[in-house]
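Student: I would like to learn how to read strands and loops in a model. Where do we begin?

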Amino acid sequence: MMDIKALDIVNAYILKHLDATDPTVPFDTFIVWKAKILQNWKYLISSTLHDGMYYELTFNGDKKEWYLDAYKKFENVVLNEDGTRGVRGRYKVD
């Protein structure tokens with residue numbers, strides 16, 4: 001039940017924030033990770049849109065409130081122990 005509610009919240013947020021000048025593109029949302037601690041839930045949710053967005057959704061069981069944070073991933077960098085940039089696969093990260 002909570003999973004469906006979480007996905008519905010993110011779907012509604014995405015639809016509200018799509019660029020109105022673009023045609024509506026079909027997409028799915030999916031749960032990347034979730035945890036329940038006492039009466040609280042935490043979700044990391046993404047979609048099949050190619051926009052680099054992911055969503056953190058928290059349910060506060062005491063207050064019966066949902067909190068939504070929307071993030072855009074700009075970079076994924078490999079760093080060595082000494083702080084220098086590492087290598088991912090065959091390619092050096094600039």
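Predicted model: local features only at pLDDT ≥ 70, side-chain atom pairs only at ≥ 80, totals over all residues.

Student: What counts as a strand, and when do two strands pair?

Tutor: A strand is a DSSP run (E, at least two residues), numbered from the N terminus. Two strands pair if DSSP finds at least two bridges between them. Here, β3 and β4 run antiparallel and are joined by eight bridges.

Student: In what order do the four strands form the open sheet?

Tutor: The order is β1-β2-β3-β4, with antiparallel pairing. β1 and β4 stand at the edges with a single partner strand each, so one side of each has no neighbour in the sheet.

Student: Which residues have a positive phi although they are not glycine?

Tutor: L38 has a phi of about 55°, and K64 also has a phi of about 55°. L38 is in the loop between β1 (29–37) and β2 (40–47). K64 is in the loop between β3 (53–60) and β4 (65–72).

Student: Is L38 buried or exposed?

Tutor: Buried means under 20% relative accessible area, exposed over 50%, and partly exposed in between (1.4 Å probe, protein chains only). L38 is exposed, at 70%. K64 is exposed too, at 61%.

Definitions and conventions
Residues numbered from 1 in each chain as written. Heavy atoms only, no water.
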